[in-house]
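Good morning, everyone. Please look at the structure on the screen, and I will walk you through it.

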Amino acid sequence: MNVLIAEDDLLIREGLRDLLENEGYRCTLAENGQVALNLFAERTFDLILLDIMMPEKDGYSVCRVIRQSDQVIPVIFITAKSEEIDQVLGLELGADDYIMKPFGTREVVARIRAVTRRTLQFRGGQGSQAASPAAGKAFTMADLHIYPDELRAQRNGQIIELSLRDIKILQLLVSHCNKVVTRDMLFNECWGRDYLPSSRTLDQHISKLRKTIELDAKAPVIIHTIHGVGYRYNSSALLAPG
Amino acid sequence: MYRQPKVTLLLVLLLMMILGGLGWLTYQMQKNDAIVVAHQQQSFIESQIQTAETTITAYIQQMEVQLLADAQRFNFHSEEGQHYLRDYLRRSPLVNFIYSADPEGKRAFPRQGAESNHERVFLRQTRELWLDDELFVAKQAEVLEYSPKASRYSLARVNSRQQNTVTSSDRKFDSGWLNWYGADRQAHLFWLKDGDGRLIAFDFLLPRLVSDIINRLPDDRDVSALLGRGSMRLVDDRNTTLYQWGRYRIVDGTASAGYRYLPQPFRNWKLEYYHQDDIRSGAWLQRLLTFGGFSLALILLFIYLYKEQTRAIADASQRVSFVNQVSHELKTPLTNVRMYAELLEGELSSDEQKSHKYLAVIIGESVRLGRLIENVLNFSRIQKDKITINRKPGVIDHCVKRCLETFAESLKKNDLTVTFIAEAQQEVAFDQDLLEQILNNLLSNAEKYAFDGKKIEVHTQLNAGRARIAVRDFGKGIPKNERSRVFEPFYRVSSKLTEGVSGTGIGLSIARSLARQHGGNISILDQDPGCCFIVELDVSTVYNEALNR
């Protein structure tokens, strides 16, 4: 999914990019409102993060222009003052949510995922397969039930939240059930061609994913390591741990 | 510049009231003065006229006495007597004609056949007078009768006065004055009647009479000193000015300031007094200037006070916006510190314990910093009445749980365990940030002041559209008399406990203001040991549709 981040502070802008890229989103950056509008005109996005106080054009104006042509695309405002929130609500700009500075990464992630869920479900409802590779039916891996559209998994009633990338990884592993998924395949499918992540990045991510979904991350049942090659999911995983 | 218009209005109102009061007082004083001056003038006029009147009366009396004495010497029967009379007439500057009739009414003087031409005219004019006996009877004062359309021989009986004179030879005389109008002149007769009934009447040369009177009135030099800026005027019955004295030039048509009719026989002559008005205006101008000067001083003072106050408010407002500005400035770097620390944490592998710990500190402290900044901003917002509530659907228990998780680290450090009884699991509309702020403040306080209690209990409940969150600690508690005061801004219970503990003293004040904004309140429940804060929020309203697509 493509995200447009419009924020005039360089550090926040790049920090958000790193954060969202970890989540599995492709990010485009804009340092002011005008650049944001130009980019919006050139490409398609699935989500927009808008700072309010920006040079050239402020967040309100950008949102208004965007809404003239697109009523659907989710917009999340980044605000510093609560007065700005009041304005956002008051102006009825059709914002989906807002995050207030200073924010924690967990907060941002939660909101992004919430918006993503709505988008996926909306698209699923519309029957459009086009721009969301994460769309898909629910599936099972071992004792874990995965619901891609909800960015969630469930085991014995316990709900586990997953990122977009996590879903893609699991979908890839399941679609190649019992077969090895190479590093390259993972890179291509789950990271995209724009990225050149290192092996360490991949391993780290898998390691984190295991901590999230495995009962015992040190003895993974769902994601098996195939040294030197990649990873694999075995459909008979319940029976053969290791 | 909040509430400035009200203060300005008040100041202006006050100023106008004072000036109005002053103006009214000045006006009253002026009126009083005018009355006083009018009174003074009145008495002055009275005295002036009185003086003039007295002079004239004295003169007339003197003249009457003289005439009486002269009449004693008249002898109408002898030739010598007639000569004497003619001589007397010739010599007298005042007496024009003399008429005498014997008791039977027969004319004794001028002698029949011996009249001069003038005397003949006079006799003709006065013929009817002599026939009327009634006229020559001493009577009490009669009402003035004046007939303007006088026919040729009409009479105007002006006044008769009784006068009894006792002469040295015991001859008693009745006397009186008679004014009569001839065809073209007014004449004054002075008559005497002796005990036998003999009548003697004197007719006067009016100009001479007037001139005599005038000579006895004050002249210009004396008058100026007496009358100041006024004038007096003697007018006859036809309003002809006989005489005028004084410095003030009388304008035709203006009314006199006062007048008096002369005593008889000039009863329809008037003495009038005129004066200039500028006495009054002089004082009036002075008073107006005084009032004006005072008003100006007062206005300047008020303007100065107003400016001072405006400046003071502007200064205060500037200080507040400076605080606001700084706080907002702090938010961006703080956001970055926290975000990058959390990103870094994500990059670490699980076995880098120390790095995780250090990062946890960085993150924890930046969160705390964020709370402090939020507190300061909220405080100034409360001062400005600018707090707004953003209700969103949520679960109170989740929000409380999040807060407790955020505090988990530092609570552990202080050896505090938290018991959470979660009974508010329904989804309601409330402002999550607001509730977090309140809880942050309460938990932070518990950390600072109640850590020796080792325990904190949190209990949430929902009941009839109201959420109730109780935060109970087991520390030293707050003494009863301090309980209401702890909610005051900047107030901190002073004790060994609070000394040395950092804190601004605004936490509870903010928490309570926020709770009240949310339709609720914070109160302290009697507990022993420790302290229990009850947070109540109103969650009965419908949430904002804008965020519920």
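Let's start with a pair of strands. β4(B) and strand β5 of chain B, residues 186-194, pair in the antiparallel sense over nine bridges. Strands here are DSSP runs of E, at least two residues long, while helices are runs of H or I with at least four residues, and both are numbered from the N terminus. Two strands pair if DSSP finds at least two bridges between them. In general, strands of a sheet pair through backbone hydrogen bonds, either parallel or antiparallel.

Why is β4(B) called largely enclosed by the rest of the structure? Because eight of the ten residues of β4(B), residues 172-181, are buried. Buried means under 20% relative accessible area, exposed means over 50%, and partly exposed is in between, with a 1.4 Å probe and protein chains only.

A word on the ground rules. This is a predicted model, where local features need pLDDT of at least 70, side-chain atom pairs count only at pLDDT 80 or more, and totals for chains, interfaces and linings use all residues. Residues are numbered from 1 along each chain as its sequence is written, chains are lettered from A and ligands numbered from 1 in the order in which they are written, and side-chain values use heavy atoms, with hydrogens and water left out.

Now the whole chains. Chain B has ten helices and 17 strands. Of its 549 residues, 42% are buried. Chain A has eight helices and twelve strands. It has 242 residues, and 53% of them count as buried.

What about contacts along the sequence? Contact means heavy atoms within 4.5 Å. Take contacts in chain B with a separation of 6 or more: residues 24 or more positions apart account for 64% of them. In chain A, among contacts between residues at least 6 apart, 54% join residues at least 24 apart.

Stay with chain B for one residue. Ala52(B) sits in helix α1, residues 4-72. Is Ala52(B) buried or exposed? Buried, because its relative accessibility is 3%. Leave aside neighbours within four places in sequence, and Ala52(B) is in contact with Leu217(B) and Leu271(B). Now look at Leu234(B): it is 182 residues from Ala52(B) along the chain, yet their C-alpha atoms are separated by 10.0 Å.

Over to chain A and its open sheet. Four strands run in the order β6-β7-β8-β9, with antiparallel pairing. The edges are β6 (139-141) and β9 (158-161) of chain A, each pairing on one side only. On average, neighbouring strands of this sheet are turned by 30 degrees against each other, direction ignored. Helix α6 of chain A, residues 164-175, packs on the sheet and touches β6, β7 and β8. The direction of α6 makes about 80 degrees with that of β6(A). For such angles, axes are lines fitted to C-alpha atoms, for helices over the stretch in contact, and angles run from 0 to 180 degrees between N-to-C directions.

Inside this sheet, three bridges join β7 (residues 144-147) to β8 (residues 152-155) of chain A. Tyr147(A) has Arg152(A) as its bridge partner in β8(A).

Between β6 and β7 of chain A there is a loop, and Ala142(A) is in it. Ala142(A) has a positive phi of about 55 degrees, although it is not a glycine. It counts as buried because its relative accessible area is 17%.

Next, two cis peptide bonds. One runs from Lys101(A) to Pro102(A), with omega near -10 degrees. The other runs from Phe109(B) to Pro110(B), with omega near -10 degrees.

Last, where the chains meet. 28 residues of chain B are in contact with 36 residues of chain A. Together the chains bury about 2700 Å², 49% of it on carbon and sulfur atoms. Buried area is the accessible area, with a 1.4 Å probe, that two parts lose on being put together, summed over both.

How many salt bridges does the rule find across this interface? One. A salt bridge is a side-chain nitrogen of Lys or Arg within 4 Å of a carboxyl oxygen of Asp or Glu. The side chains of Asp97(A) and Lys392(B) meet in a salt bridge, at 3.7 Å from N to O.
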